[in-house]
Structures are given as C-alpha cells and as structure tokens.
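Hello,

Here is the structure you are taking over. My notes on it follow below.

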Amino acid sequence: GNPELPTAVNITWSSINFKTILQWQPKPSGYLYTVEIHGQTSDTKKKCVLTAETECDVTDVLRNVEETYTAHILSVMSSGMDNFEEPPFAVSEKFTPYSQTVLGKPEIQSYIQKGSKLDVVFQDPLTPYTFPNGSFQSIRDIFQHDLEYKLYYWKDQSSGKKDATTKSHKFEVSVDSTKNYCFYVQGIIPSRRENRNGQESMVLCTSVGRSILDEYGAEVFIIIAVIAIAVITLAIVLSVILCKRKKAKAAREKEPLNGV
C-alpha cells in the first residue's frame with residue numbers, strides 16, 4: 001500500500017580519459033540511491049550503495065573499456081529495507097568507454113624553434129587504470145594504433161592555421177625562421193563517429209627574434225606617434241605665446257612715461 005519512491009531523472013555519463021562519473025537528479029528526501037552497473041557480458045556490480053548523493057564514480061567497474069554498460073539507479077528506503085519485491089529504478093543510456101570517453105589535454109613537455117624548424121614534444125594523458133606494477137596506463141596504452149595527435153600552429157598574431165599529424169610523441173614542422181609561432185596539440189580517434197577530437201592542450205608561443213613591433217603591434221606605435229605630435233604642437237604653441245608676451249612687455253617698457 002506504500003506509494004512508489006521517486007526515480008532518478010536526467011541521468012548522464014561524464015568521462016574524461018576513462019575516469020567516469022555518473023550523475024542524475026533529484027536530491028533524495030526520505031530515501032536513498034544505489035547504483036547498479038550492468039554490462040552486456042559481465043556480472044552486475046553495485047556502486048555507491050545507499051547514497052544521498054546524486055553522482056557516483058564508477059570508473060573501477062568499467063575496466064573492460066570495450067564493453068557496453070547501462071546503469072540502473074535504484075530508489076530505496078533510508079533503512080535499506082523496503083516493502084517492494086524490487087525497488088523502483090531508472091535506467092541510463094548505454095555507455096561504451098572506448099568509444100565515448102573524452103580524450104584529455106596532452107601535456108607539452110618541450111618545444112624549440114630553431115631556424116626553419118619547430119619541434120614539439122608532448123606526453124599522453126594518463127588514465128585511472130594501472131598496470132600490475134602500479135604505474136598508470138596512458139590513453140595510448142589503451143587506444144594504441146587508434147590514437148593519433150594533431151598539431152595546430154600559426155604565425156604569431158595571424159589567424160591562418162596549419163596542422164600536422166603524428167602517431168608518436170613528437171612533431172617537427174617547417175616554419176618561417178623570421179616569425180614566431182603559436183601552437184597547441186590535440187588527441188584524435190579517427191575511427192570514432194562522435195567525440196573524435198580530444199581537449200586542446202594549452203596554447204604556447206615561441207619567442208625567437210621577436211621585435212618591438214611584433215610584441216606590441218602597429219597600433220601602439222600609432223598611438224605613441226599621435227601623442228608625440230600633440231606634445232610637439234603644444235610646445236610650439238606655448239613657445240609662440242611666450243614669445244609674443246615677451247615682445248609685448250618689451251614694447252611697453254619702451255613707451256615714454258605719461259606726464260613727462
């Protein structure tokens with residue numbers, strides 16, 4: 001005779017570099033949630049049992065990253081005991097970590113512009129999963145040949161971008177030796193239909209042979225020139241005024257005194 005408990009809504013998967021968080025609504029009142037992860041071929045696993053939170057880190061139960069999973073979010077009484085044969089639950093969309101996790105930002109380790117060559121060395125993002133020796137697996141360890149990287153680079157203060165692709169940890173591209181360049185690196189999974197492009201690394205710029213004009217731009221020099229002209233003009237005007245006053249004073253001093 002008890003009314004059914006509210007069930008979760010707006011269930012979403014959020015996953016970067018295979019660290020995966022399940023989120024939903026609403027905040028529970030008078031009941032709690034328990035998460036069940038169902039794989040197509042794996043046993044059901046429970047996470048965040050009797051939680052009052054509306055998110056759950058399910059990374060460790062998604063280790064088979066090529067498996068497709070669904071999450072059942074059960075609404076249960078606060079005591080953990082309920083009067084239902086099966087507690088009410090909501091079912092998430094399907095989620096496959098291998099094809100849906102977002103690639104995180106690569107880390108630029110070093111870069112140098114020497115002559116007409118720009119060399120950039122970067123590091124793969126790490127995942128939460130570890131090897132038997134305890135070291136963390138990188139996204140390259142999991143994606144292997146499915147993973148590649150793109151370097152986007154452009155002349156400093158220019159909008160025209162070029163790009164290069166590699167499956168290694170290094171880029172070497174030809175550039176104009178007289179110009180500075182800015183760039184960023186981005187991981188890509190070409191075989192994916194969605195989420196092909198990963199997050200962009202921070203933008204960095206070289207500083208070879210940077211002139212004052214490159215640094216500040218022509219606009220600053222125009223402003224300085226205008227100010228200089230204004231100062232010179234003011235100085236000339238003041239000089240003319242002072243000169244006229246001086247002549248007028250001298251003329252008055254030469255006039256004969258009245259009554260003499």
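**Backbone and packing notes**

Cys 48 is found in strand S4, residues 45–51. The model is a predicted one, and the values here are computed from it. The phi angle of Cys 48 is near 50 degrees, a positive value in a residue other than glycine. With a relative accessible area of 26%, Cys 48 is partly exposed.

Asn 195 also has a positive phi, near 55 degrees. Asn 195 sits in the loop between strand S15 (181–188) and strand S16 (197–200). Its relative accessibility is 37%, so Asn 195 counts as partly exposed.

There is also a cis peptide bond, from Gln 25 to Pro 26, with omega near 0 degrees. Pro 26 belongs to the loop between strand S2 (19–25) and S3. For background, most residues other than glycine have a negative phi, and most peptide bonds are trans.

On packing, the largest nonpolar core has 44 residues, of which Leu 22, Trp 24, Ile 37 and Leu 62 touch the most other members. Strand S3 (residues 31–39) gives the largest share of this core, four residues. The core lies between domain 1 (9–99) and domain 2 (107–212), because both give residues to it. Leaving aside residues up to four places away in sequence, Ile 37 has contacts that include Trp 13, Val 58, Val 61, Leu 62 and Tyr 69.

On the surface, Leu 234, Val 237, Leu 238 and Ile 241 form a nonpolar patch with about 340 Å² of accessible area together. Leu 238 is found in helix H4 (residues 218–254) and, at 46% relative accessibility, counts as partly exposed.

Regards

Note on methods
Residues numbered from 1 in each chain as written. Predicted model: local features only at pLDDT ≥ 70, side-chain atom pairs only at ≥ 80, totals over all residues. Heavy atoms only, no water. Core = buried A, V, L, I, M, F, W, Y, C linked by side-chain atoms within 4.5 Å. Buried < 20%, exposed > 50% of the residue type's maximum accessible area, 1.4 Å probe, protein only. Helix = DSSP H or I, 4+ residues; strand = E, 2+ residues; numbered from the N terminus. Domains from an automatic or database assignment. Contact = heavy atoms within 4.5 Å. Patch = residues over 30% accessible without salt bridge, like charges linked within 9 Å, V, L, I, M, F, W, Y side chains within 5 Å. Areas by Shrake-Rupley, 256 points an atom, 1.4 Å probe, with all protein chains shown as cover. Salt bridge = Lys/Arg side-chain N within 4 Å of Asp/Glu carboxyl O.
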